[in-house]
Amino acid sequence: DLRARWPAPNANQRQAIIDLYDNGVAHADRSLEQLLTILEVTGEWENTLLVVVSDHGEEFHEHGNWGHGPSLFDALLHVPLIVRFPGDRHAGEVVDSAVRTVDIAPTIAHALDLPGGSAWVGETLLPLIGAAEAADRPVIAAISNAELGTEALIDGPWKWIDKARAGQAFLFNRKQDPAETRDLRGVHPERAARLAKQLTTWSAALRAENSGLRAVRMDA
């Protein structure tokens with residue numbers, strides 16, 4: 001509705017939508033407070049591993065888009081991830097490395113000493129806590145809607161976005177340009193080519209790995 005109604009919003013219209021979103025954040029915060037209160041009252045707080053994460057962010061027309069879905073800019077990909085360990089272990093520690101939401105499940109399994117860690121797609125994040133320096137792992141993102149055909153690769157401060165079906169691609173330095181407004185393909189063509197090849201290799205490997213998957217009918 002926003003895309004149809006306000007394709008070119010003025011400052012007041014954009015701020016009104018941001019205010020509504022902030023109300024949603026405040027509502028989630030109150031709900032979390034209720035959960036923590038229950039855990040404290042029942043005596044389970046000190047025995048609880050709590051993970052707070054968002055599935056995606058939102059765009060407020062920074063790149064001409066409202067909401068989420070059609071792009072892979074950091075407004076959508078850079079989400080909160082807060083982990084509270086029992087006994088407040090690692091309290092106040094911050095991991096600067098780029099991580100992935102698929103890393104959360106194996107991290108929980110590792111922290112709770114649960115079996116089956118080798119079967120996870122992601123990797124445990126526990127070794128990154130307290131690390132002397134950031135140990136960035138390449139991060140891949142893709143829009144599941146096949147028609148859009150958009151994939152992204154984050155490697156350290158660099159980010160490559162490939163909108164294959166639209167015939168577009170972008171290279172950003174996320175550290176120097178966190179708003180992702182300056183396409184650096186022409187400035188760093190060799191880096192752009194390397195990241196593009198890396199993303200293509202990953203995509204081909206994933207398709208090959210998933211080629212044998214079949215849908216399973218379920219009585220739901």
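Of the contacts in the protein chain with a separation of 6 or more, 48% are between residues 24 or more positions apart, where contact means heavy atoms within 4.5 Å. This is a predicted model, in which local features need pLDDT of at least 70, side-chain atom pairs count only at pLDDT 80 or more, and totals for chains, interfaces and linings use all residues. Residues are numbered from 1 along each chain as its sequence is written, and side-chain values use heavy atoms, with hydrogens and water left out.

Let me turn to the chain as a whole. The secondary structure comes to five helices and eight strands; helices (H or I, at least four residues) and strands (E, at least two) are DSSP runs, numbered from the N terminus. Read along the sequence, the pattern is α-α-β-β-β-α-β-α-β-β-β-β-α. The C-alpha trace spans about 55 × 50 × 45 Å along its principal axes. Of the 220 residues, 28% are buried. Here buried means under 20% relative accessible area, exposed over 50%, and partly exposed in between, with a 1.4 Å probe and protein chains only. The chain exposes about 14600 Å², and carbon and sulfur atoms supply 55% of that area. Accessible areas come from the Shrake-Rupley method with a 1.4 Å probe; for residues, only the protein chains shown count as cover.

Next, the sheet. In what order do the four strands of the open sheet lie? The order is β5-β6-β7-β8, and the pairing is antiparallel. At the edges are β5 (139-142) and β8 (168-173), each of which pairs on one side only. Neighbouring strands of this sheet are turned by 10° against each other on average, direction ignored. Strands count as paired if DSSP finds at least two bridges between them; β5 and β6 (residues 150-155) have four bridges, in the antiparallel sense. Within that pairing, V139 has I154 in β6 as its bridge partner.

Helix α5 (residues 189-210) lies across β5, β6, β7 (158-163) and β8, and runs at about 120° to β6. For such angles, axes are lines fitted to C-alpha atoms, for helices over the stretch in contact, and angles run from 0 to 180 degrees between N-to-C directions.

Just after α4, D113 takes a positive phi of about 55°.

I now come to the charged side chains. A salt bridge is a side-chain nitrogen of Lys or Arg within 4 Å of a carboxyl oxygen of Asp or Glu. By this rule the count is eleven salt bridges.

One of them joins R84 and E46, whose closest N and O atoms are 3.7 Å apart. Because R84 lies in strand β4 and E46 in the loop between α2 (11-41) and β1, this pair ties together parts that are 38 residues apart in sequence. R84 is buried, at 11% relative accessible area, whereas E46 is exposed, at 51%.

Another links R174 and D74, at 2.7 Å from N to O. R174 lies in the loop between β8 and α5 and D74 in helix α3 (residues 74-77), so this pair ties together parts that are 100 residues apart in sequence. D74 counts as buried, with 10% relative accessibility.

The closest N and O atoms of D177 and R182 are 3.9 Å apart. Salt bridges that share partners also join D74, K159, R174 and E180 into one network.

On the surface, V53, L81, V83, V95 and V99 form a nonpolar patch with about 300 Å² of accessible area together. Patches are made of residues with over 30% relative accessible area and no salt bridge; like charges are joined within 9 Å, and nonpolar side chains (Val, Leu, Ile, Met, Phe, Trp, Tyr) within 5 Å.

Finally, the segment after α5 contains D219, which counts as exposed at 82% relative accessibility. D219 and P9 are 210 residues apart in sequence, and their C-alpha atoms are 45 Å apart in space.
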